[in-house]
Amino acid sequence: MNIASLRYFIIRSLIAVAFIFPNSSKESFADGPADNIPASVRPIPPAGIEISDSVRKELLGYSAKIHKALSSIAKDRDAERAEILVFARALEL
């Protein structure tokens, strides 16, 4: 191994380490034991806006229509069903 290839290897290794551990400081870790207390865990994503009952019922109606339409799709097309089901579940949340 000559000096040029050794230098190349060292530089490449240092660059790889810089990309793998960019935030290895204490601030990059979780909150610690407080993460295990449900009341103190911050919601991710943060809570959204409040919607009225009429809008909620309308959205759940759309979700029910999606579920009904999905029941008619063949079971061998599970990947396509899953892509559509994401939207129905988003409406339910």
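Biologist: I51 is found in the loop between α1 and α2. What makes I51 count as partly exposed?

Modeller: The relative accessibility of I51 is 29%. Under 20% relative accessible area is buried, over 50% is exposed, and partly exposed lies in between (1.4 Å probe, protein chains only). I51 therefore counts as partly exposed at 29%. This is a predicted model, in which local features need pLDDT of at least 70, side-chain atom pairs count only at pLDDT 80 or more, and totals for chains, interfaces and linings use all residues. Residues are numbered from 1 along each chain as its sequence is written, and side-chain values use heavy atoms, with hydrogens and water left out.

Biologist: Which residues does I51 touch, leaving aside its neighbours within four places in sequence?

Modeller: With those neighbours set aside, I51 is in contact (heavy atoms within 4.5 Å) with R56 and L59.

Biologist: R81 has its place in helix α3. What makes R81 buried?

Modeller: The relative accessible area of R81 is 17%, and R81 is therefore buried. Beyond its neighbours within four places in sequence, R81 is in contact with L70, S71, I73, A74 and K75.

Biologist: Which residues of α3 are buried, and what do they pack against?

Modeller: The buried residues of α3 are R81, L85 and A88. They pack against α2 (53-71). As for the spacing, residues three or four places apart point the same way because an α-helix has 3.6 residues a turn.

Biologist: How do you know what length to expect of α3?

Modeller: The expected span of a helix is 1.5 Å times one less than its number of residues. Helix α3 (residues 78-92) has 15 residues, and its expected span is 21 Å. From first C-alpha to last, α3 reaches 20 Å, which is close to that. There is also a kink of about 25 degrees in α3, centred on I84; the bend is the angle between axes fitted to the seven residues ending there and the seven starting there.

Biologist: How many helices and strands does the protein have?

Modeller: Three helices and zero strands, in the pattern α-α-α along the sequence. Helices (H or I, at least four residues) and strands (E, at least two) are DSSP runs, numbered from the N terminus. Of the 93 residues, 5% count as buried.

Biologist: What confidence does the predictor give?

Modeller: The protein averages a pLDDT (the predictor's confidence in each residue, from 0 to 100) of 76, and 75% of the residues score at least 70.
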